[in-house]
Amino acid sequence: MIKIAGKLLEMVNLTKRFPGVVALDRVCFECDSGGIYAIVGENGAGKSTLMNLLGGLLVPDEGIIKLDGIPVVITSPGKSFALGFGFVHQELNLLDNLTVWENVFLSHEIKGAIGKLDKSAMRSRILAMNDRLGYQLNPDALVGSLKLADRQLVEITRAVIFAPRILILDEPTAALSEEEVIRLFGILRSLRDEGASIIYISHRLEEVVALADHVTVLKDGRNAGELCKAEISKDVMINMMIGRTLDNIYPNRLDVRSQETILRVTDLIIPGKVNGVSLELHAGEILGLGGLEGQGQREFVRALFGDIPFSSGVVRVGENTYTEKSHGIPSRVRNGIGYVTHDRHGEGLILHQPIRKNMSMASLKRFKKNAGYLSVQKETEVVLQQVQRLSIKAASIENPVSSLSGGNQQKVMLGRWLMVDPRVLIIDEPTKGVDVGARTSLYQTIDVLTRQGVAVIILTSDMLELMGLSDRIIVFYEGRCTAEIVRADVTEERVMRAASGLSTSGEQTA
Amino acid sequence: MIKQIQISPPLKKVLVIYGLLATIFVSMMVFSADYRSIQNVGNVLVQSVPLAIVSMGQMIVLIGGGIDMSVGAMISLTSCIAARTMSSVASPVAAIGAVLIITVSVCVGVMNGIGTNYGRVPAMITTLSMMMVLNGISLALLPGPGGRVDRAIAGVIMARSGLLSVALLILLLVFILLRHFLYHTRSGVHVYAIGKNRSIAASMGVRINRVSILTFVIAAMTAAVSGMLLASRMRIGDPTIGASFGLDSITAAAIGGTALTGGVGLLSGTVAGAFLIGMLSNMMNILGVNHFYQYVLKGLLLVVAMVFYSLSGKMGGKHRG
Amino acid sequence: MAKRVTLSSSAEFAQTRRQSIFLLLAVFMLFLVQGIVRPGSVTFNQTMNITRQASALGVVVLGQALVILAGGIDLSVGSMVTLTNVFAVSMMKGQDSNFLTAALICVGLGVVVGTFNALGVIKLGIAPFIMSLCSMSIMEGVYLVYTGGSPSGRVSPLLKTIGNESFLGKVPYSTIIWVALAVLIWYVLMKTSYGRKVFAVGSNPTAARLCGIRSDAVSFSTYVICSVLAAVAGLLASGYVGTTSLSIGSDYMTNSLAAVLIGGNAIEGGKGGIWGGVLGAFFIMLLFAVLTMLSIGQVGKLITQGLIIFVVVALQGQFKGGRKE
């Protein structure tokens, strides 16, 4: 499987351990110049960890990395850069308060005589790159003012402008429209033809099929397969990634029947983000919101939850009505709406606090006695119940949540909202950064929840998950719903078309 | 090239501050004959220079995500060193004093920087501790106002002709130097970078500790310049003269548009902020109002400026001026 | 599975406890030095004297710790103390009959100032540092204008008694007040749902908000409580000092910040407790006293204070355990 000849990059038997989990177990990978090498695998398979080793953010516990046959040790981002790596990160690594040229050249600024910055040289290099790769970046624009796709272009420019030998892209197309993806692929192909080696990490298997010369499949931190150009196909990849058919991961919901409407949204408008969305949600249903990132789905659900104000529209949950004047998350929570955020670390969990406190955060009222006294005893009881129900693996609920794996952290967040007895539960990115074992368990939990009558809305960028979980899918594009697809009618193509603003029957929607 | 000179939002804010400054200035001129005298205006300008200079240094620390509570004490210390060594310009001790001031300010800055970055102590505590230590040393040098700064030295520094003065020239010089630093050197860009997000900056290859230390050194040096100016004006040293400058420099920077969270700051805005504060005391005197009201006004000015900034949109951009 | 654990053994406060133990050690070191310099001086009465001196600062520290835990900061506490002193003393005019009115008005002032700070931070979105700086400045102006630079009035005998006498001749009244308030704040912070919310808001206001916690209201209340406590501290200080002075509050800002941070609370909020700050206030006063005993003049006191505070916080930082800034 792995050839011994002098390749450009060889990663041999790399192992990386974190507390409680082995992220990479004797993984091997190699690539050569003039090729696009894709790495695929589910969330938590180890793709990002592998790349962080190349980026100098992590150091392997075991194993060797070789460049041109010579072992190297990559201890810092600076070292990685010096060795000829260029990176485009999944979560863009840019500074919003600086301009495009400042970000592109940060720490590698071009200096003129007497140490003065040669801004015109830097500007013209960027403009030259613009021409070469076919886009239009204003070197003096503030990165914070650019839209997501353009910010990614800044990162790509930064990665490419110093002619790296190996360019690594981690999930680059999450927020790109079909057009922008085509443009990106053009750029990558031309770079490959000029001799660069490109490592492309992605969830999106059709893209991999279209682009890759070679595919490495990772599963649970181990090598699960290698494919050469001719062998690449989605089915083969899925099989290697999951090792079982999709049916075994996602709960069987063919028997789910539509029940009474529990949530009704009429013409919700958030200026600039959501342009009049209406939908209905039924008890016991899983409604999936699909579409590219940044098309308004997240703002929509946050407005439902009362986090973001909306300018017009009506939200009805049971007997309660919310208009643009009724703000406030507390009343939503009281009335049984819960929201599990996609950003567990940034706005979901308080990492240094124990599991117990994180779980009870939304339901403190339940444990109040006279004069505001909080009954830790009662709290502990209820939290322990949840921990058991969700199979959260932790030695003690007094341990900080930072000590938990991604999957268990996600379960803590879920547990938090289960403790408020919700009628409607919105889950934003249910399995981001969660390993396969925990995912199946999470899906089961969500399924059981709906059988008890709870209505669930999920947002996910993972197509397989979207299709596997949802009873119904509503696709967002530019703040509108472009399609509503029931489980029986769902195909990936339909969803992708709707996500790009094309109607599912072939014409462009208005 | 001409296309790039647009009035960007940050620049607009600076214009507003200067507009405010001009309005107050003009109204005072119209309102009071005393104010109109060139002597008076010249006075106001000269008196605001020390605060303006140290505020620029403070601003740089703030942009870098830190804070420096010790600049006031550094000012006091400088004035004490000056008064103890520069009583006679002919004596070699005067030259030693000058070297000492420069050396001490660099050391103070380096220590502040090392304490904050390598010692894992929050900048506020490090610089507060430094402030206490420097105040102690100042008292050791001069238990009370005293010493002497030779007329020759003071005369040069305090030289004036109508509206112009050497002090203003010094301000201009410092302004140009710092402006060059912020806009035309890689370290300048890096200061904005570390202030915005230290870990992202580090992952992008910026040497966060060194840049941070540099900002503290700059602050301490500007404090030394201001201290020298004050010593020249008073002709004596005073171990408490810098006491208010610590917080006032932060106030001036904030009025001028510097965000306390870092990554944002406007050099010319800070100067305007310092002048606004400097004008207050003079205004009170001229208006015949209890000069204690200046403190109230200073506070209100700060609130108004903050409200203005928060209303005119998030300050996410790197301000240049 | 997990047994029922009580709060004190929770891993969450382990670091704070470690830092407090470290501080306790530092206190014992000071006692040691004191015992060596002036043998026989380390007595119960002497220690009670220190707590009496520390009580005003200690009460301020309670409020400052609360504000910092919730993610804010209050630089105006020193001015609040001076303002209280100036107003209270001038209203009391040396009469016990005026005492209650004067005290109530000062507490009311505390509410006003705290509300002012809170409105600025929460409604106007002004950084707490700046907002409290601003109210500090305004208060300074107010009491300067009010007194014209020379404050007058006399402290009522009752207040002087509270500030200087002891219960049963043993435990100072002001210490009792301090400890009582500390217990109250401790209870509210550690045992009530409000306290839980304070920690949540200070750690991650967005996460708290997304859980239905009214972050704004919680934050607001901490500023009000802080200023009220500063006003109470001002009364205690007035009683102790026995007169009015424009510089009475001058060190409270820096000392309260130092005490809270030495006590183990994180400057960014969400971590720490109350007793650390209480111990920190005691430590600072003890340090001051020991330095006086060593006949170290103002110069030495300032330098030593600065160095020791830095060293204590730095060493605590080393024990946080390999976390890169």
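**View 1. Chain A meets chain B through 20 residues from chain A and 20 residues from chain B.** Residues count as in contact here if their C-beta atoms, placed from the backbone, lie within 7 Å. On the side of chain A that touches chain B, helix H2 (residues 77-82) of chain A gives the largest share, three residues. Helices (H or I, at least four residues) and strands (E, at least two) are DSSP runs, numbered from the N terminus. By class, this side of chain A holds eight nonpolar, six polar and six charged residues. Nonpolar covers Ala, Val, Leu, Ile, Met, Phe, Trp, Tyr, Cys and Pro; charged covers Asp, Glu, Lys and Arg; the others, Gly among them, are polar.

A word on what you are looking at: this is a predicted model, in which local features need pLDDT of at least 70 and side-chain atom pairs count only at pLDDT 80 or more, while totals for chains, interfaces and linings use all residues. Residues are numbered from 1 along each chain as its sequence is written, with chains lettered from A and ligands numbered from 1 in the order in which they are written.

**View 2. Chain C meets chain B with 36 residues from chain C and 38 residues from chain B.** Helix H5 (128-147), helix H11 (252-262) and helix H13 (298-318) of chain C are the elements that each give two or more residues to the side of chain C touching chain B. H13(C) supplies the largest share, 13 residues. Sorted by class, that side of chain C has 23 nonpolar, 11 polar and two charged residues.

**View 3. Chain B contains 14 helices and two strands.**

**View 4. An open sheet of six strands in chain A runs in the order S16-S17-S18-S13-S19-S20, with mixed pairing.** Strands pair if DSSP finds at least two bridges between them. Strand S16 (337-340) and strand S20 (480-486) of chain A each have a single partner strand, so one side of each is left without a neighbour in the sheet.

**View 5. Strand S17 (residues 424-428) and strand S18 (residues 455-459) of chain A pair in the parallel sense over five bridges.** Look for A:Asp428, which stands opposite A:Leu459 in S18(A).

Terms used. Two residues are in contact if their C-beta atoms, placed from the backbone, lie within 7 Å.
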